[in-house]
Amino acid sequence: MQSTVIRRASSPVAFRLVRNSTKTAFMSTALYRRTMAQVERDLDEAAVRQEHQLWDRTPWMVDVFTGPAGGERDQAISAWCRAKFGAEALPLQGRDGSWRRSDETINGWAWFGFDTASALKKFQDAWLARRANTIA
């Protein structure tokens, strides 16, 4: 994993999550755990429940350069995920899935979450090794 590709240096956290159990705390990425900790500090109970609903089933999270929201690279990444893992999870709409893309893109970066470590590894192998300015 190339840390220069997947991490933002001191970027404000725009997505807020919450720890749902001790098991999830160990069965997730550091990004998920850091985000959960921030949510516990900063959000009210209703927002905490909503963030649980959004991310708890896809705690294998990575911060990846997608370029502009809806741009060519962003669309290519989402299309690849649909082809490999099926439809995107939309928890607030009641749709389960094995992957999820964050609703926001900040300076060309977005979070992707997966339901298993192996799915995250497949994603990393396919997308994080590529230069940020390429889509194929």
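**Entry 1: strand pairing**

I began with β2 and β3. In this predicted model, β2 pairs with β3, residues 109-114, in the antiparallel sense over 3 bridges. I looked up individual partners next. R100 sits opposite G113 of β3. W99 has F114 as its bridge partner in β3.

Then I turned to β1 and β3. They also pair in the antiparallel sense, over 6 bridges. On this side I noted F65, whose bridge partner in β3 is W109.

I then wrote down the whole sheet. It is open, has 3 strands and runs in the order β1-β3-β2, with antiparallel pairing. β1 (60-65) and β2 (99-101) are the edge strands; each has a single partner strand, so one side of each lacks a neighbour in the sheet. Direction ignored, neighbouring strands are turned by 20 degrees against each other on average.

**Entry 2: helices on the sheet**

I asked which helices pack here. Helix α3, residues 30-42, packs on the sheet and touches β1 and β3. Its direction makes about 100 degrees with that of β1. Helix α6, residues 117-128, lies across β1 and β3 as well. I read its angle to β1 as about 10 degrees.

**Entry 3: burial of β3**

How many residues of β3 are buried? I counted 6 of its 6, so the strand is mostly covered, taking buried as under 20% relative accessible area. I sorted the side chains by direction. W109, W111 and G113 point one way from β3. A110, F112 and F114 point the other way. Both sets are buried.

I checked the loop between β2 and β3, where N107 lies. N107 is not a glycine, yet its phi is positive, at about 50 degrees. I looked up its accessibility too: N107 is exposed at 69%.

**Entry 4: salt bridges**

I searched the whole structure and found 5 salt bridges.

- D96 and R57: their side chains meet at 2.6 Å, N to O. The pair links distant parts of the chain, 39 residues apart. D96 is in the loop between α5 (72-85) and β2. R57 is in the loop between α4 (45-55) and β1. I found D96 exposed, with a relative accessible area of 56%. R57 is exposed too, at 60% relative accessibility.
- D103 and R100: the closest N and O atoms of this salt bridge are 3.3 Å apart. R100 is buried, at 4% relative accessibility.
- D125 is partly exposed at 48% relative accessibility. K121 is partly exposed at 45%.

**Entry 5: helix α4**

I looked at the start of α4. There a side-chain oxygen of D44 comes to within 3.2 Å of the backbone nitrogen of A46.

Which residues of α4 are buried? I listed V48, E51, H52, L54 and W55. Viewed down the axis of α4, these residues fall within an arc of 165 degrees, so they line one face of the helix. I then asked what covers them. The cover includes α3, β1, β2 and β3.

Notes
Residues numbered from 1 in each chain as written. Predicted model: local features only at pLDDT ≥ 70, side-chain atom pairs only at ≥ 80, totals over all residues. Heavy atoms only, no water. Pairing = 2+ DSSP bridges. Helix = DSSP H or I, 4+ residues; strand = E, 2+ residues; numbered from the N terminus. Axes fitted to C-alpha atoms, helices over the stretch in contact; angles between N-to-C directions. Contact = heavy atoms within 4.5 Å. Buried < 20%, exposed > 50% of the residue type's maximum accessible area, 1.4 Å probe, protein only. Salt bridge = Lys/Arg side-chain N within 4 Å of Asp/Glu carboxyl O. Arc of directions from axis to C-beta. Polar contact = N/O pair within 3.5 Å; in protein donor to acceptor, adjacent residues only side chain to side chain.
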